[in-house]
Amino acid sequence: MVEEVQKHSVHTLVFRSLKRTHDMFVADNGKPVPLDEESHKRKMAIKLRNEYGPVLHMPTSKENLKEKGAQNAVDSYGHKQYPANQGQEVEYLVTGTHPYPPGPGVALTADTKIQRMPSESAAQSLAAALPSSQTRVDGNRTAPGASDRSQPTVMNSMLMESGSTKNSALMAKKAPTMPKPQWHPPWKLYRVISGHLGWVRCIAVEPGNQWFVTGSADRTIKIWDLASGKLKLSLTGHISTVRGVIVSTRSPYLFSCGEDKQVKCWDLEYNKVIRHYHGHLSAVYGLDLHPTIDVLVTCSRDSTARIWDVRTKASVHTLSGHTNAVATVRCQAAEPQIITGSHDTTIRLWDLVAGKTRVTLTNHKKSVRAVVLHPRHYTFASGSPDNIKQWKFPDGSFIQNLSGHNAIINTLTVNSDGVLVSGADNGTMHLWDWRTGYNFQRVHAAVQPGSLDSESGIFACAFDQSESRLLTAEADKTIKVYREDETATEETHPVNWKPEIIKRKRF
């Protein structure tokens, strides 16, 4: 009896188990479905929903895809279910905080999804409708879950502000405008020094800022006290116009050059010439000393510049390449160490070691008579009757034009505050803001009584070592000294500035 009951129970359990298995194998349409395929489908659906849900519903970036007529279904999780691509190739453009798709764990948010690219006609309306980057950042900070996505959102806003995304390319690009220039006080004339009997052609201030030296067409070199303006010493020796003077920072020497083809080294302890540098075939128009080594560079009407060893008087290199007189030369410690400007309208940057041209700048259309190096920035400026041009070292990349000084520019100088001064053959002096090229002052001082109006010309100018005084060497045989107007303010002398469009023309 017990065995029959146990047999009956086993049959009942087996029957019920088979019934459950049969129910699981039969689908709604009555056809048998394998258990492993249904399980696989259920697992894939869960995996797709959990892992790929945030990107499955992204719209395509192709504008030529037609809109589907029917609305897409939404599943129980709130994600749109897009139908399979019907033979069309669809590309998705995923952007986030990096040009490549974001890594694991960084979910795409409403801000990082790329919207459908609008047509050109709708570009402006789209740009106007977009909220500012700061608004989106602030909104995301207060939204729930903001801590999870704050970093991608902030980075995305920075990306959009820098114009590196495709959406920013749709924005209408504005022409570059001149930034507001720095305010500089105007300079006023406060002293006129007389003493030379001819045009004053060159000027230099000694490193100790106690005195300055001038060279003149009267063939003399004069040394003046900077504070009082009184004459201290006259040096004679040149037999023609003195065209260049410079005081060494490394030794008690004064160097001079002139139209008599001579280059002289004066010992200021004995006030005598101790060295001559022979080699130029015509008038020597300018000279400069290398700031870190005992090298002197001169330029001449013979179309060359020469590099001299100060101690041995040997000509180290002859820099050939210009096709007309070399009017100005400048040295610096960084490469390129020598810069020349010439009447052949070109500027050359030279390799000091090789004695060869590194770069030739041909942008000017007229003679380049002046070149100046900025004391702090790695830039320089050149002056010509067409305009003043600013350049960037080391390759002479063009920066901007400073137009408005329509005259033959003989001299340029700049101080560390960014005040650029240009002096011209007609006696006018313009002062510029170096960074923006804004002309904030124009000066035309009256000629010395007894001089002709035609003798109004500025041949050289220089700031003293404190940069509080500006000295000019002029054709009326005087040296004029300027200083900043201490009573001027931004209210009494406002910057007459308008955000005009910059015309960065090369020629």
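Start with Arg 201, which lies over the face of Phe 459 at 4.2 Å from the ring centre. A charge counts as over a ring if NZ of Lys or CZ of Arg is within 6 Å of the ring centre and within 35 degrees of the ring normal. A second case is Arg 483, whose charged end sits over the ring of Tyr 190, 4.1 Å from the centre.

Before going on, the ground rules. This is a predicted model, in which local features need pLDDT of at least 70 and side-chain atom pairs count only at pLDDT 80 or more, while totals for chains, interfaces and linings use all residues. Residues are numbered from 1 along each chain as its sequence is written, and side-chain values use heavy atoms, with hydrogens and water left out.

Now the rings. How many aromatic pairs does a search of the whole structure find? It finds 10. Rings of Phe, Tyr and Trp (for Trp, the six-membered ring) pair if their centres lie within 6.5 Å; planes under 30 degrees apart are stacked, over 60 edge-to-face, and the rest tilted. Trp 199 and Phe 459 make a tilted pair, 5.1 Å centre to centre with 35 degrees between the planes. Trp 199 is in the loop between β3 (187-194) and β4 (200-205), Phe 459 is in strand β28 (residues 458-463), and 260 residues separate them. Strands here are DSSP runs of E, at least two residues, numbered from the N terminus.

Phe 459 is buried at 11% relative accessibility, whereas Trp 199, at 37%, is partly exposed. Buried means under 20% relative accessible area, exposed over 50%, and partly exposed in between, with a 1.4 Å probe and protein chains only.

Phe 380 and Phe 393 are stacked, 4.6 Å centre to centre and 25 degrees between planes. Phe 380 lies in strand β21 (residues 379-383) and Phe 393 in the loop between β22 (388-392) and β23 (397-402), so the pair ties together parts 13 residues apart in sequence. Both are buried. Ring pairs link Tyr 378, Phe 380, Trp 391, Phe 393 and Phe 398 into a cluster.

Last, a polar residue. Asn 439, in strand β27 (residues 438-443), counts as buried at 17% relative accessibility. A polar atom of the Asn 439 side chain lies 2.8 Å from the backbone oxygen of Leu 431.

That is what I have; comments are welcome.

Definitions and conventions. Helix = DSSP H or I, 4+ residues; strand = E, 2+ residues; numbered from the N terminus. Polar contact = N/O pair within 3.5 Å; in protein donor to acceptor, adjacent residues only side chain to side chain.
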